[in-house]
Amino acid sequence: MTTPSKVDTPAGPSSRREERKVLAGTLVGTTIEWYDFFIFAQLTATLLSPLFLAPLNESNPGLAQILSFALIGISFLFRPLGAVIAGHLGDRLGRKAMLVFTLVMMGAATALIGVLPTYAQIGAWAPVLLILLRVIQGFSAGGEWGGAALMAVEHAPVNLRGLFGAYPQIGVPVGMILATGLLFFLNTGMSKDDFAAWGWRVPFLLSIVLIVVGYLIRRAVSESPVFQEMALRKKESKAPLGELVRSHKLPVLYSTLIFIGNNAAGYLLIAFFISYATKTLKMPTPQILLATTLASLGWLIFTLVGGWLSDRIGRVKTFLTGYAIVFAWMIPMFALIDTKDIVLYGVALFVLTVGLGLSYGPMSAMYAEMFPANVRYSGISIGYAFGAILGGAFAATIAESLLQSTKWTGSIGIYIMILCVISAVGVVLAKETRGRPLGVSSHH
């Protein structure tokens, strides 16, 4: 009879002080990653096509907007590569090393976008260099989430995994609050011409400060206790990726399906709504950014609630509740947005975040519980990356294309509803995981 891993005991493996450091480290890192991502996504919605796709923007603004949204999607295509490499090394060398590496990589690419010459300055090289930096961002994002999720969940007491795992998840809304809040102040604090000329570079360059803070916090966090156990027992796989492909295909498939609906709906909030409200509905940009910031606050709250709730009623019930809310809200939400009333616009977005939070908060814990320790980093990173490709990568592009072809926002709602059903099926197939052992001794 094997002794249970200390990781799976209710008391938890960490002191309170260490727990706080871990939660701060995972939250700060994912916040910075997503701040970097959202700054790009939101500027894509408002500004980057005239700066980097100038000739096309003049001749066909609609196509230029679709292509600039595709720039968001391009980076997602490289997430699986980042997930494979960071996951493989994270399962071999440790969670912590990969977290520091992906953070610095993402920050460097973001800061370089801030000094990139525009189309007017270097012609076609401008979009080429922009795409290259987006590829680097996508690569690092592919490895970031898995490491942060595992550091949080593997340090957690067994009865608090959902809540601990929600901390890297709230990096998404916190990063969004930082990004939209900063863009709001820049948009209101300087003229449109100044913002278009140089002001847009400021958020990218500020990433350098965030990277230094994140690096210092992450370096202070101890290695995951599960990885420490693997090192002690020499149980880590010599080729975690090979073993994952041979023996754990179904959990990878389920984790891919589970994320699709949430990620697609999330990217409407992150990128599409801002573009639609300001360009098509002609609503004022500062008001829209403020409404998005407030909605992000809702996303933060309900993501934490989702993690906490999944420790009480289970991961599956929490996920399904979240997806039911997103599904049911899609058509009414677009009806409210189309009124062009800023209060109703804010309500539409806020209610969406209830469903988004409940179908995002439990994800770290559920994914970690789906895989054995020696392939866990690879498994959750790859599932997450493929879910993001099929979900959010081209959600804004598809939404814009549906809008231009049908002239009816409800068509976008139906598209998201279909993805919610697919994700709900993935949740049901994966079955309940709450309380499943995470330690090395529990897998043979």
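Helix α14 passes helix α17 in a left-handed crossing, a term for the case where the near helix is turned anticlockwise from the far one by less than a right angle, right-handed being the name if the turn is clockwise. Helix α14 covers residues 249-280 and helix α17 covers residues 342-358. Helices here are DSSP runs (H or I, at least four residues), numbered from the N terminus. The axes of α14 and α17 come within 10 Å and cross at roughly 165°. An axis is a line fitted to C-alpha atoms, for helices over the stretch in contact, and angles run from 0 to 180 degrees between N-to-C directions. The crossing angle makes α14 roughly antiparallel to α17, since angles over 145 degrees count as roughly antiparallel, under 35 as roughly parallel, 65 to 115 as roughly perpendicular and the rest as oblique.

The model is predicted: local features need pLDDT of at least 70, side-chain atom pairs count only at pLDDT 80 or more, and totals for chains, interfaces and linings use all residues. Residues are numbered from 1 along each chain as its sequence is written, and side-chain values use heavy atoms, with hydrogens and water left out.

Which residues of α14 and α17 meet? On the α14 side they are Asn262, Ala265, Gly266, Leu269, Phe273, Ile274 and Ala277, and on the α17 side Tyr345, Leu349, Leu352, Thr353 and Leu356. Contact means heavy atoms within 4.5 Å.

A nonpolar core is a set of buried Ala, Val, Leu, Ile, Met, Phe, Trp, Tyr and Cys residues joined through side-chain atoms within 4.5 Å. Buried means under 20% relative accessible area, exposed over 50%, and partly exposed in between (1.4 Å probe, protein chains only). In soluble globular proteins, nonpolar side chains tend to be buried together. The largest core has 111 residues, of which Phe272, Phe273 and Ile337 touch the most other members. Leaving out residues up to four places away in sequence, Ile337 touches Phe273, Tyr276, Leu281, Tyr345, Ala348 and Leu349.

The next topic is charge. Side chains of opposite charge can pair when their charged atoms come close. A salt bridge is a side-chain nitrogen of Lys or Arg within 4 Å of a carboxyl oxygen of Asp or Glu. How many salt bridges does a search of the whole structure find? The search finds 4. One of them joins Glu154 to Arg376, with the closest N and O atoms 2.9 Å apart. Glu154 lies in helix α8 (residues 125-155) and Arg376 in helix α19 (residues 376-393), so this pair ties together parts that are 222 residues apart in sequence. Glu154 is buried at 0% relative accessibility, and Arg376 is buried with a relative accessible area of 0%.

Glu369 takes part in a salt bridge with Arg161, where the closest N and O atoms are 3.0 Å apart. This pair links distant parts of the chain, 208 residues apart: Glu369 is in helix α18 (residues 363-370) and Arg161 in helix α9 (residues 161-189). Glu369 also forms a salt bridge with Arg315, the closest N and O atoms being 2.8 Å apart. Arg315 belongs to helix α16 (residues 315-337), so its pairing with Glu369 ties α16 to α18 across 54 residues of sequence. Through shared partners, salt bridges join Arg161, Asp311, Arg315 and Glu369 into one network. Are Glu369, Arg161 and Arg315 buried or exposed? Glu369 is buried at 2% relative accessibility, Arg161 is buried at 0%, and Arg315 is buried at 0%.

Another glutamate, Glu18, is found in helix α1 (residues 16-46) and is buried, with a relative accessible area of 15%. Beyond its neighbours within four places in sequence, Glu18 is in contact with His155, Val221 and Ser222.

Most residues other than glycine have a negative phi. Lys282, in the loop between α14 and α15, has a positive phi near 60°. Lys340, in the loop between α16 and α17, has a positive phi near 65°. Lys282 is exposed, with a relative accessible area of 66%, and Lys340 is partly exposed at 47%.

Definitions and conventions:
Helices (H or I, at least four residues) and strands (E, at least two) are DSSP runs, numbered from the N terminus.
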